[in-house]
Amino acid sequence: MSEALPVAEVSVELLHRYNVPGPRYTSYPTAPVWREGFSPRDYGEILSESGAGDSPAPLSLYVHLPFCESLCFFCACTVVITANHSVEAPYLELVEREIDWVAKRAGGHSREREVVQLHWGGGTPTYLSPAHISRLAGKLRQSFRFAPDAEVGVEVDPRVTTPAHLEALSRAGFNRLSMGVQDFNPEVQQAINRVQPFEDTRDLVQTARAMGFESVNVDLIYGLPLQTPATFRTTIERVLEIAPDRLAVYSYANVPWLKKHQKLLEPQLPGEGEKFEIFRTALALFTAAGYEYIGMDHFARPGDELARARRDRTLHRNFQGYTTKAGTDLVGLGVSAIGAVGDSFVQNRRELHDYRQAVEADGAATFRGFRLSFDDRVRRAVIGNLLCHGVVVFGEIEAAFGVDFRSYFAGALDDLAGCAADGLVEISDASIRATPLGRVFLRNLAMPFDSYLLPAESAKPLFSK
């Protein structure tokens with residue numbers, strides 16, 4: 001049995017105190033801080049710099065495939081809703097042009113840099129036909145050199161994914177599948193406009209395993225309309241029948257100021273206390289079933305490399321969540337895609353029309369980004385250590401950056417004193433360490449180190465609670 005976290009100790013007062021808007025810290029600084037005015041020329045310079053030298057970092061590739069046949073009302077992703085599949089080929093032509101542009105500047109054509117990770121997200125990547133899946137995968141393989149043990153993952157929607165899709169993905173070298181479930185309760189599914197029978201999901205997982213896919217991840221969301229601890233318990237029991245290798249149990253991010261369609265859900269959302277009870281139910285059942293709580297909504301079997309990386313303190317966090325592939329340059333391809341190259345972030349145009357015009361004109365669609373300062377890099381390291389390992393060793397930060405930790409972060413340490421008094425963190429002369437209870441509140445422990453957060457009373461809405 002996995003480690004039990006003492007969430008039963010959480011009082012209503014404690015929950016309310018820490019249920020505040022905050023980033024998920026898939027990057028630091030977070031995306032709202034980034035600046036427009038980054039051009040493809042700027043991005044080209046960043047890529048060229050990253051590929052220079054004797055041992056450039058390996059590459060992690062992300063491809064954004066935005067199309068979905070219908071809109072899920074909880075969704076906050078960049079999507080294009082259409083049942084007309086004639087959009088596939090023109091979009092692939094644009095992505096292929098961007099691949100050529102990136103590969104030329106990142107060392108792809110010279111075959112010097114290995115790709116150790118590839119992920120397709122969306123939208124619905126299996127919106128593409130099997131033939132188009134093969135076409136895009138082939139283009140990437142022709143343009144970049146993949147490591148023999150590369151982690152190659154894709155998000156699939158069980159409602160539209162066929163055995164033919166899986167066969168195409170398998171032939172293309174994909175070895176990890178991630179599939180959204182959100183909730184198996186029919187009433188919840190109706191409310192969020194995503195009807196997905198349990199049997200369809202179970203059968204797809206069985207087919208994938210028979211084809212040899214190494215790992216299957218299932219995504220759930222808690223805090224959706226009509227959910228209760230009892231109904232979510234039933235969903236979890238069905239998920240355990242499927243027995244995925246990894247789980248992501250996300251808190252529903254209600255951001256109607258960004259995604260207006262989410263307003264449809266607000267009248268039926270569970271309250272603060274009930275939402276936490278739903279999470280508490282998931283945490284108890286999954287850990288009792290042998291899954292290890294990685295942190296920030298993720299679970300994995302103890303033998304999974306994600307769990308091993310957490311114990312070995314080699315876990316890393318990027319825009320796809322937790323990963324074992326640290327030290328890579330992340331290159332994003334497609335509309336709205338984000339990259340993290342060296343000490344810079346870049347993002348593509350977010351509207352398909354703007355993305356198309358930019359790629360046709362320049363070969364790339366970069367429009368905003370951020371170059372990290374020294375202070376940003378120090379804080380990124382501290383926040384990353386907290387979210388990935390639950391511990392920050394002062395001496396490690398001091399050795400890496402030449403700062404005196406206690407002096408440099410005096411204000412943050414003062415802010416953490418309240419968290420320490422609440423039993424969420426232990427602060428010694430040598431380290432900051434999240435307690436078992438504090439691992440449930442890692443976002444709150446990271447926020448004092450974020451120099452860009454505005455005071456709550458003056459900030460416009462940016463993040464979900």
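Select helix α12 and colour its buried residues: D376, V378, R379, V382, I383, N385, L386, L387, C388 and H389. Buried here means under 20% relative accessible area, with exposed over 50% and partly exposed in between (1.4 Å probe, protein chains only). Bear in mind that this is a predicted model, where local features need pLDDT of at least 70, side-chain atom pairs count only at pLDDT 80 or more, and totals for chains, interfaces and linings use all residues. Residues are numbered from 1 along each chain as its sequence is written, and side-chain values use heavy atoms, leaving out hydrogens and water.

Helices (H or I, at least four residues) and strands (E, at least two) are DSSP runs, numbered from the N terminus. The 16 residues of α12 reach 22 Å from first C-alpha to last, close to the 22 Å expected at 1.5 Å a residue (1.5 Å times one less than the number of residues). Step on to G390, which follows α12 and has a positive phi, near 75°.

Next, show the open sheet of 3 strands, ordered β18-β20-β19 with antiparallel pairing; strands pair if DSSP finds at least two bridges between them. At the edges, β18 (391-393) and β19 (425-427) each pair on one side only. Between β18 and β20 (residues 431-434) there are 3 bridges; select V391 and you will find R433 of β20 opposite.

Finally, bring α12 back: this helix (residues 374-389) lies across β18 and β20, at about 135° to β18. Angles run from 0 to 180 degrees between N-to-C directions, with axes fitted to C-alpha atoms, for helices over the stretch in contact (heavy atoms within 4.5 Å).
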